[in-house]
Structure formats: structure tokens, C-alpha cells
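Me: I'd like to learn how to read a protein model. Could you walk me through a few features?

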Amino acid sequence: MPLDPLIKRTATFFDGQNLFHSARESFGYTYPNYDVLALSMTICGRMGWELTHSRFYTGIPDPWDDPFWNHFWSAKLRAMSWQGVYLYSRSLRYRNRRVVLPDGKEYTFLTGEEKGIDVRIALDIIRMAHRKDYDVALIFSQDQDLSEVAEEIRAISREQDRWIKAACAFPFSPTSINRRGIDKTDWIRIDRATYDACIDPRDYRPKDKFSQSSESTTNGSGSR
């Protein structure tokens, strides 16, 4: 078995929407208020790992579909780019969803869905492992679709005869419904105090009145 390196170079991979949903469920926050770089540095510091770079992935609505959240994400992504965070974003895809109300009536509404983000995260994690760009892949997500990535990292570790770890970090509280991390990874739970210490002090939500209804209905997230 390869010996673990003294300095464990760590790359962080953020599934922006998955992290937001988890923070909303666990802590009650209604918009993505996390600071990606602060969370990366805090968790790496706790584990004794050396942060080398951070990567962030999200879907965003087009400006003509949802100007409020397009403005929010454009501003937040721009600020992250200034911090040196690698960014990957793509437009949400829209389709009609139909639900049955308690009175038996059907209600149809248009919803944005995030497609291809988990695939892109998986490809980057595997590609960077082959290039020996990190020793630890720290994934901020609970998406079980990424469990196969952890298995692939084990295979790469055997092929390269070197120590590699896959870990996932996620918000956790007594109100959390999803209490599991990604299978086949090391789980790191983020408590309320840790998360609150890593809140972005800047609020990128626009203050004008052009899309307040959008703020109350979408909360900055797309479904998958």
C-alpha cells in the first residue's frame, strides 16, 4: 500500500446547487450565501491538508428567463473568479412540470433543470487524478452519482502506485434529511458554526424591484 504523503495537496470541487440545497435543509438559508474559498481553507485546515486550488460548478438561468438570479450568479461568479476559483457554469434547461394539488386539480409550471454539472465534476476529478494534480479530492456535494468517481480514484491509485483520497464535505444538523455523504468517500460534516464562519459577507441579490417574485419562488436553485 502506498504511503500517504506528508503534505497532502488538496483540490476542492463544489457542486454549487447541491451545496445550497443542503445548507437550506440543514440551516434554513434561503439563498447561496457560502464563501467557496473560505470553506475550502477551513475544511483543509481542520484536516491538515494543503489547499492547492478550488473549482466551482453550477447551472444559472438565462437573463430573459430569470433576471434576478442571473444577476445574482453572474455577480457571485465574478467575485469568485477574482479570488482565483476555477468556474464552470452552464444555462439551465427548462421544461413543464405537472403536479396534482390536494383538491385533485393539476397545476403545470415551468421549471429550470441543471444538466451535466455532475458529469463535468466527475470528468475533472478523474482527469486531474491522472495528471497527479492533487492527493485529496475534496467534494462539496452529496450527489450519489459521484460515488463511481471515488471507485475510479481507487483504481488510479493502484495504477499509479500512489496515495489518493476522495472525501466529501456537506452541511449537517438535526434538521438534515439527507445525512449521507457520497458513498465510497470519507465524510466530513459541516456544522452550523463552521458554515456560519464561512458565509460570504457580500449579498449579490439585486436590490431593485424588477424580480422580487423570482426571489421568493426560485431561491437561486435549479432542479435536476
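Reply: Here we go through a helix pair, an aromatic pair, a cavity and a pocket. This is a predicted model, where local features need pLDDT of at least 70, side-chain atom pairs count only at pLDDT 80 or more, and totals for chains, interfaces and linings use all residues. Residues are numbered from 1 along each chain as its sequence is written, and side-chain values use heavy atoms, with hydrogens and water left out.

Me: At what angle do helix H4 and helix H5 pack?

Reply: Helices (H or I, at least four residues) and strands (E, at least two) are DSSP runs, numbered from the N terminus. Axes are lines fitted to C-alpha atoms, for helices over the stretch in contact, with angles from 0 to 180 degrees between N-to-C directions. Here H4 (residues 117-130) and H5 (residues 147-160) pack at about 10°, their axes 10 Å apart. That makes H4 roughly parallel to H5 (angles under 35 degrees).

Me: Which residues make the contact?

Reply: Contact means heavy atoms within 4.5 Å. On H4, Ala-122, Ile-125 and Ile-126 are among them, and on H5 they include Val-149, Ile-153 and Ile-156. Sorted by class, there are 7 nonpolar, 2 polar and 2 charged residues; Ala, Val, Leu, Ile, Met, Phe, Trp, Tyr, Cys and Pro count as nonpolar, Asp, Glu, Lys and Arg as charged, and the others, Gly among them, as polar.

Me: How many aromatic pairs are there?

Reply: A pair of aromatic rings is described by the distance of the centres and the angle of the planes. Rings of Phe, Tyr and Trp (its six-membered ring) pair if their centres lie within 6.5 Å. This structure holds 15 such pairs. Take Tyr-31 and Phe-72: their ring centres are 6.0 Å apart and their planes at 90°, so the pair is edge-to-face (planes over 60 degrees apart). Tyr-31 lies in the loop between H1 (16-27) and H2 (36-47) and Phe-72 in H3 (residues 67-82), so the pair ties together parts 41 residues apart in sequence.

Me: What about empty space?

Reply: Rolling a probe the size of a water molecule over the atoms shows where empty space is left. On a 1 Å grid over the protein atoms alone, a cavity is a set of points where a 1.4 Å probe fits but cannot get out, while a pocket is an open set with protein on both sides within 12 Å along at least five of seven lines; lining residues have an atom within 4 Å of a point. The largest cavity holds about 40 Å³, and H3 gives the largest share of its lining, 3 residues. The second largest pocket is about 310 Å³ (the space filled by probe spheres set on the points, which are joined across faces, edges and corners).

Notes:
Angles under 35 degrees count as roughly parallel, over 145 as roughly antiparallel, 65 to 115 as roughly perpendicular and the rest as oblique. Rings of Phe, Tyr and Trp (its six-membered ring) pair if their centres lie within 6.5 Å; planes under 30 degrees apart count as stacked, over 60 as edge-to-face and the rest as tilted.
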